[in-house]
Amino acid sequence: MPIPDEVTGEEIDPDVRQELMSLPKGLAEDVARNLVMVAQLIDEDPEQAYGYSRVALRLASRVAAVREAAGFAAYATQKYSEALAEFRAARRMSGGVELWPVMADCERGLGRPERALAMAGEAEVQKLDKAGQVEMRLVAAGARRDMGQLDAAIVTLQSPELASSAVHPWTARLRYAYADALLAADRESEARDWFAKALEADKDGATDASDRLAEMDGVEFVDAFDDSEEESDDVSDDLSSDVSDDVVEVDEDDDEDDDLDEDDSDDSVGDKS
């Protein structure tokens, strides 16, 4: 797959670059450039990112960072079975537990929420950092909802992290998930409060909390561009109508001229006789 010349591979995370040092220099550069493309495209064009991840995987399948990138690219394209296999491989190679929450979410994607819940109770969760533990809580709550256990999902999300007024990278998503669960349970007033709290913490636009609030408040957004198009269509219709009327009037005048021509012709014939 083509890679822009400006992508050198130097943009890659230093830890990943360290892993790639086990490869021959030229091969390491090729793998690095493909991994950069995965990182750049995974949000805006997951399918393209997936393609680059497969190239990197073909070149260096024994590098944990490559298996992890391939896993995330597969996850982004909802290839959950493939993603889970790559995450497991990456975990075996690295020995880390960071991928535990996303592995559990793959189980949800495969329609196995009970396995995700089982993973939420494993010892690996205690080894996660705070962000990882919050992520695991979100996955567990989602699994509860998958199983129709809405009240349990709400309780799962209730935690010191949710109650804290401090804002962390995961705060907006945690508050949003709680608001969404409350709304699903018909607790609209509470849900609105938590959507507002999610919006307050969402500095990067990671959620659509503002849209959810607007929807709950009955606010409707009008697309000005569509209105302009409609007005343009109306003007075009009016112009077409005017042109049509002019054509009709011209035709009527032509008919009168034809009648006059016929009268003149008759008079001429009479004179000759």
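**Notebook: contacts and ring pairs**

The model is predicted, so local features need pLDDT of at least 70 and side-chain atom pairs count only at pLDDT 80 or more, while totals for chains, interfaces and linings use all residues. Residues are numbered from 1 along each chain as its sequence is written, and side-chain values use heavy atoms, with hydrogens and water left out.

I then placed Glu124 in the loop between α7 (113-120) and α8 (130-146). Helices are DSSP runs (H or I, at least four residues), numbered from the N terminus. Glu124 is buried, with a relative accessible area of 17%. The cut-offs are under 20% relative accessible area for buried and over 50% for exposed, with partly exposed in between (1.4 Å probe, protein chains only).

**Aromatic pairs**

I searched the whole structure and got four aromatic pairs. Rings of Phe, Tyr and Trp (its six-membered ring) pair if their centres lie within 6.5 Å; planes under 30 degrees apart count as stacked, over 60 as edge-to-face and the rest as tilted.

One of the pairs is Tyr176 with Phe195: the ring centres are 5.4 Å apart and the planes are at 65°, so I logged the pair as edge-to-face. This pair links distant parts of the chain, with Tyr176 in helix α11 (residues 171-184) and Phe195 in helix α12 (residues 188-201), 19 residues apart. Both Tyr176 and Phe195 are buried.

Next I took Tyr178 and Trp194. Their ring centres are 5.1 Å apart with planes at 90°, so this pair is edge-to-face. Tyr178 lies in helix α11 and Trp194 in helix α12, so the pair ties together parts that are 16 residues apart in sequence. Tyr178 counts as buried at 6% relative accessibility. Trp194 counts as buried at 15%.

**Charges over rings**

I stayed with Trp194 and found the charged end of Lys197 over its ring, 4.1 Å from the centre. The test is NZ of Lys or CZ of Arg within 6 Å of the ring centre and within 35 degrees of the ring normal. I also noted Lys79 over the face of Tyr50, at 4.4 Å from the ring centre.

**Gly111**

I ended on Gly111, in the loop between α6 (100-109) and α7. Gly111 counts as exposed, at 53% relative accessibility. From Gly111 to Ala143 I read 9.4 Å in space, C-alpha to C-alpha, and 32 residues in sequence.

Methods:
Helix = DSSP H or I, 4+ residues; strand = E, 2+ residues; numbered from the N terminus.
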